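Please read the following report with the sequence and the three-dimensional structure side by side.

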Amino acid sequence: SDCWWAGELWLNCSLTGVSALPEDIPQTAVTADLSYNTIKTFLCPDGGKEKWMLKHLNLSHNLISDLTLTTCRSFPGLETLNLNGNAIHTLTLAIPTPARGPNKHGKVDCLLPALKVLSVEGNQLSRVPRGLGLLQSLQTVHLTSNGIRQIELNDFQNCSQLNDINLGKNKITAIHPDAFRDLHKLQVVVDLRGNPLTTPLPQVFSALNFFQLQVDLSGNAW
């Protein structure tokens, strides 16, 4: 492909016109930049028994519309995933394995156990990505400028490490009172700017640590 190495572990494929993940990307790459291309479908490569060393993947400003990472076993060390500026309307990150038999609980099959930063700004999401709660290392979620309409009770359930949520410039009209209740590490900001919220939400933030937390509710309808 037209990709080139920028340093020993950084593979730069930005602005090269690729429409899929190049087959010749080595498994030793730590950072891969595939931004500003024409990728419509992203399929995780089959590394067999070998695991990729990739920690940072940039797929921003492509043409991806539907993305499912529930079978992605190649990137166990991935820490940051940038999907900004695509046309993503459905994003599924992980799903629990169905329970079998009476009184049995489904297993949690976490395929991105090291993911810390997820950025999906400027897309077409109508809801929070499915499976966030199964990403046990997740610390930052940026979902600015989508079409998210409401925040449901379980959208951020079990995201125990989450400390930064950006939901600005969406179409949010309702937030469940307990949506953020168990996020005890929230300390950077909950950004809800520029949404059509019409009612202040004291209950939503009453259980959080106001000494550390910043909540931005500017530009709403009240």
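At 10% relative accessibility, W52 counts as buried, where buried means under 20% relative accessible area, exposed over 50% and partly exposed in between, with a 1.4 Å probe and protein chains only. F75 is likewise buried, its relative accessible area being 3%.

The structure is a predicted model, in which local features need pLDDT of at least 70 and side-chain atom pairs count only at pLDDT 80 or more, while totals for chains, interfaces and linings use all residues. Residues are numbered from 1 along each chain as its sequence is written, and side-chain values use heavy atoms, with hydrogens and water left out.

A search of the whole structure finds two aromatic pairs; rings of Phe, Tyr and Trp (its six-membered ring) pair if their centres lie within 6.5 Å, and planes under 30 degrees apart count as stacked, over 60 as edge-to-face and the rest as tilted. W52 and F75 form one that is edge-to-face, as the table shows. This pair links distant parts of the chain, 23 residues apart, with W52 in the loop between β3 (31-33) and β4 (56-58) and F75 in the loop between β5 (66-68) and β6 (80-82); strands (E, at least two residues) and helices (H or I, at least four) are DSSP runs, numbered from the N terminus.

F156 and F180 form an aromatic pair that is tilted. Because F156 lies in the loop between β10 (150-151) and β11 (164-166) and F180 in the loop between β12 (174-175) and β13 (189-191), the pair ties together parts that are 24 residues apart in sequence. F156 is buried at a relative accessible area of 1%, and F180 counts as buried at 0% relative accessibility.

| Pair | Centre to centre | Angle between planes |
|---|---|---|
| W52 and F75 | 5.6 Å | 85° |
| F156 and F180 | 5.7 Å | 40° |

The protein chain as a whole has one helix and 14 strands, and of its 222 residues 45% count as buried. Among contacts (heavy atoms within 4.5 Å) between residues at least 6 apart in sequence, 56% join residues at least 24 apart.
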